[in-house]
Amino acid sequence: MLQGIAVSSGIGLGTVLILREHTLVFDENRQIDPEPEMSRFSRAVKVFCDNTASRMRHLQLSTSLEDSRILETHINIANDPEMTREVSGLILSGSSAETALSKVSGQYIAAFMDSHDELTRLRAEDIRDVCNAILHLLLGVEDTAIKNAPTGSILVAEELSPSAMADLDAGRIAGLVLEKGGPASHASILARTMGLPAVCGIKDATKKLSCGDFIIVDGARGEVISSPGERVIAEYRSRREAQLEERRCTERFRDRRTLSADGREYRLYCNISMPSAAAGVVESGGEGVGLFRTEYLFMNRSAPPTEDEQAEAYLQALKGAAGRQVVIRTLDIGGDKNVPCLPTQKEENPFLGLRGVRWCLQNEDIFLTQLRALLRAGAGEALRIMFPMVSTLSELRACRQLIEKAREQLINEGRPCAMSIPVGVMIETPSAALIADHLSREAAFLSIGTNDLTGYIMACDRGSPAAGGLYDPFHPAVLRVLRHIIRCGSAGGAPVSVCGETAADPRLVPLYMSYGIASFSVSAVAVPRVRKAVSLWSKAEADSLAKAVGRLGTAKEVRELLDSSQRT
Ligand code: PEP
Ligand code: MG
């Protein structure tokens, strides 16, 4: 058995197909005529963008998910004005398109790979992927291995680029085994979107496994079983059947209302990162957008989006949601979110430094541009604005004042804008949690960001292996804080939602119901699962579970009780 990292659950049984990246060869000193060479380059970029846009449509149609934003990012990279300018400069001074593109992309990749920030390193992977695809087009070489993979193949590779993933037919491929990557890598995100069992981090998998081997991939346990015997195959086949049946049963909840067993109604929204994803939300069973992370609009570009570009993006999200509520969160940078096109300073401890609204309030021009764009897009639409990383009431007041300033400017300029927009606060710092009563009196709604809040309550980074899993949303301390926020918020008249990853965990859903949560905001794939979890509990049953949990002092005990109480 080979042990790797579990990145996309499900069981796959099939035959190994090893994919190896082939080296592209071209003459670096080829003589060129600059003008036709420039047109050749522009044509290749256009074909790449057209192909990617059609893959995006395919992904959205088959999965209706925001993960096609990875491909949207690829189109932005291919059209990046700074990179295009540098490549054109080299072509005009005599380099071939292939040489110019490899040189310029190589410099960007080296610079981004140097970063200690994971998101920036992922961007280097994106640039490599895009430039590789354009080079294939320039050289007229087509990579067909994935498209022609026989039904029942398990793809084994060092890593798979997003565009390779988008070429893959999830109906034919039984699973993925990759040497590199982790839960946050693009291939893993896309594998989850496609419901494809996947395991990453298996060192030398392409050497240890051979084409044609029959193997089993257990994406939930991160295991790959090579040469399984008849008995093992039969066992995994029946586990796979049971999982598929469970998934089919959960899917039935996609288009229902979110009702508890005793008929109480909850709201269930989706988290998105790109405006185009809003249109898929309804199809996924979401009632609107509960969190649009706008910082993604600022990534992978050399300059921040202009007010017009932003207004267009927000309007696209609002129109996509077709009249349903859309909560747009203002720029949340800092911490683990590094946005190179914005001015940030290096800090000793970025998670405790200039993050979210703290950064925005100190960079008023950029913040005001975003608020103006939001007010312009929000005219006549179901827009709500939410501020991230708030830790004091004064910050909320300062943000509201800036909204007023933006509105006044727009009115003076005679531009149409939203006259009143509900404004909410993310509760993701301990101080905001403790003053949730004050905040709830001045905000229209509160939304708990359990991803950050858990880290700040436990004083532990999410990814810190050294701290031995101290970061834990099941910890009684985290649960007590959540109960406090929800009670204070509701008492103050502001409905409270949870928009961190924990909102999608069926084990925690009854606890949140008992605490008085009004809505959940989760990724689109999780909608049926959460709706089903809500339907399995009455308020009285959830209360008695919460009471039992309230008596426990450790995360382990809470987890054990919630695991054993889980309903299916
Ligand atoms: C959170 O912190 O839970 C949250 C939703 O915000 P983000 O994950 O974007 O930091
Ligand atoms: Mg957060």
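Visitor: How many disulfides does the structure hold?
Guide: It holds 0 disulfides, a disulfide being a pair of cysteine sulfur atoms within 2.5 Å. This is a predicted model, where local features need pLDDT of at least 70 and side-chain atom pairs count only at pLDDT 80 or more, while totals for chains, interfaces and linings use all residues. Residues are numbered from 1 along each chain as its sequence is written, and side-chain values use heavy atoms, with hydrogens and water left out.

Visitor: Is Cys 417 buried or exposed?
Guide: Buried, with a relative accessible area of 11%. Buried means under 20%, exposed over 50% and partly exposed in between, with a 1.4 Å probe and protein chains only. Cys 341 counts as buried too, at 13% relative accessibility.

Visitor: Switching topic: what volume does the second largest pocket have?
Guide: About 1400 Å³. Of the 50 residues lining that pocket, the closest to its centre are Glu 21, Asp 129, Leu 160, Ser 161 and Ala 164. A pocket here is an open set of points on a 1 Å grid where a 1.4 Å probe fits, with protein on both sides within 12 Å along at least five of seven lines, and lining residues have an atom within 4 Å of a point.

Key:
Chains lettered and ligands numbered in written order. Points joined across faces, edges and corners; volume = space filled by probe spheres on them.
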